[in-house]
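Hi! Here is the structure I promised to hand over. Have a look at it first, then read my notes below.

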Amino acid sequence: SNCPLSRIKAMNNSSFIRHLLFSIASVSIGVLSCAAQKMDSTFYDNGQVRSIGMKDSKGKQGKWVFYYTDGKKNSIENYLDDVLHGEVSGYNVSGTKISFESWINGLPEDSAFYYHDSGKLKRKGIYKNGLYAGEWLVYFDNGKLERKGSYENGLPSGLWENYNTNGFIIEKGMYKNGVQHGLFQFFDDKGRLQYEGNYAEGKEVGKWFYITKKGKKKLYIVY
C-alpha cells in the first residue's frame, strides 16, 4: 500500500520505536540547547546599551558586541563559557579598528595586530600561551619602523633596535630575561654611532666609549 500508515505498521515494532525515540531525543536536545541560551544586555547609567550577546548558565557564549557611552562600537569579542575564545577586535571612538587578536580559552594566541587611530599598522607580533613570543615590530604613524625585537617567555630577548621617524637607527642592544645584557650602541639622529658600552643584568659595566666623527673610539667612562 502507498499509505504512510500502512508502511509504518509494516515496520518491525522494536525498530520503529527505537527510531522514533532517537528522533525525539535529537530534537529535544537541540531545542533545550537553544532554549538554554538567551540574549543578554548591559546598560550604562544614561540608558545606552553597553554590551549585548548570548548567555547561558555558564556565562557569555559566542559573539558579544560592546559599545561606548555614545552608542558607537567599542569591541567585538567571542566567548566560550564566559572566557574569551576566538577573534577579538577593538575600535576607537571614530569607528576605526585599532586591534585584532585571537584568543583560546582566555589567553591571546597566535598573530595579533594593533593600529594607530589613523588606521595604519602600529604593532604586530604573536602570542604563545598568553605571552609575547618571537619577533614583534612597532611602526610610527608615517609607516616607518620604530622598533623591532624578539621575546622569549614573554620577555625581551636578543637584539633590539630603535629608529627615529626618519628611518635612522638610534639605538640597538642585547637583552636577556627582559633586561639589557650585552653590547649597546647609541646613534645620533642621522644614524651615526656616538656611544657604545656593555650592560650586565640591566646595569652599565666596564668601559664605555665615545665615537668621534672620524670613527675613532675614545674612552668616555668606566663603570
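**What I found**

Let's start with Asn92: leaving out residues up to four places away in sequence, Asn92 touches Tyr68, Lys73, Ile98 and Asp117 (a contact means heavy atoms within 4.5 Å). Asn92 sits in the loop between strand 6 (86-91) and strand 7 (97-104); strands are DSSP runs of E, at least two residues, numbered from the N terminus. With a relative accessible area of 8%, Asn92 is buried (under 20%, using a 1.4 Å probe and protein chains only). Its side chain reaches the backbone nitrogen of Thr96 at 2.9 Å, and a polar contact of 3.2 Å joins it to the side chain of Asp117. A polar contact is a pair of N or O atoms within 3.5 Å, where one must be able to donate a hydrogen and the other to accept it; residues adjacent in sequence count only if both atoms are side-chain atoms.

Do keep in mind that this is a predicted model, where local features need pLDDT of at least 70, side-chain atom pairs need 80 or more, and totals for chains, interfaces and linings use all residues. Residues are numbered from 1 along each chain as its sequence is written, and side-chain values use heavy atoms, without hydrogens and water.

The chain's average pLDDT (the predictor's confidence in each residue, from 0 to 100) is 90, and 84% of the residues score at least 70. Over residues 27-32, though, the pLDDT is below 50.

Cheers!

How values were computed:
Helix = DSSP H or I, 4+ residues; strand = E, 2+ residues; numbered from the N terminus. Buried < 20%, exposed > 50% of the residue type's maximum accessible area, 1.4 Å probe, protein only.
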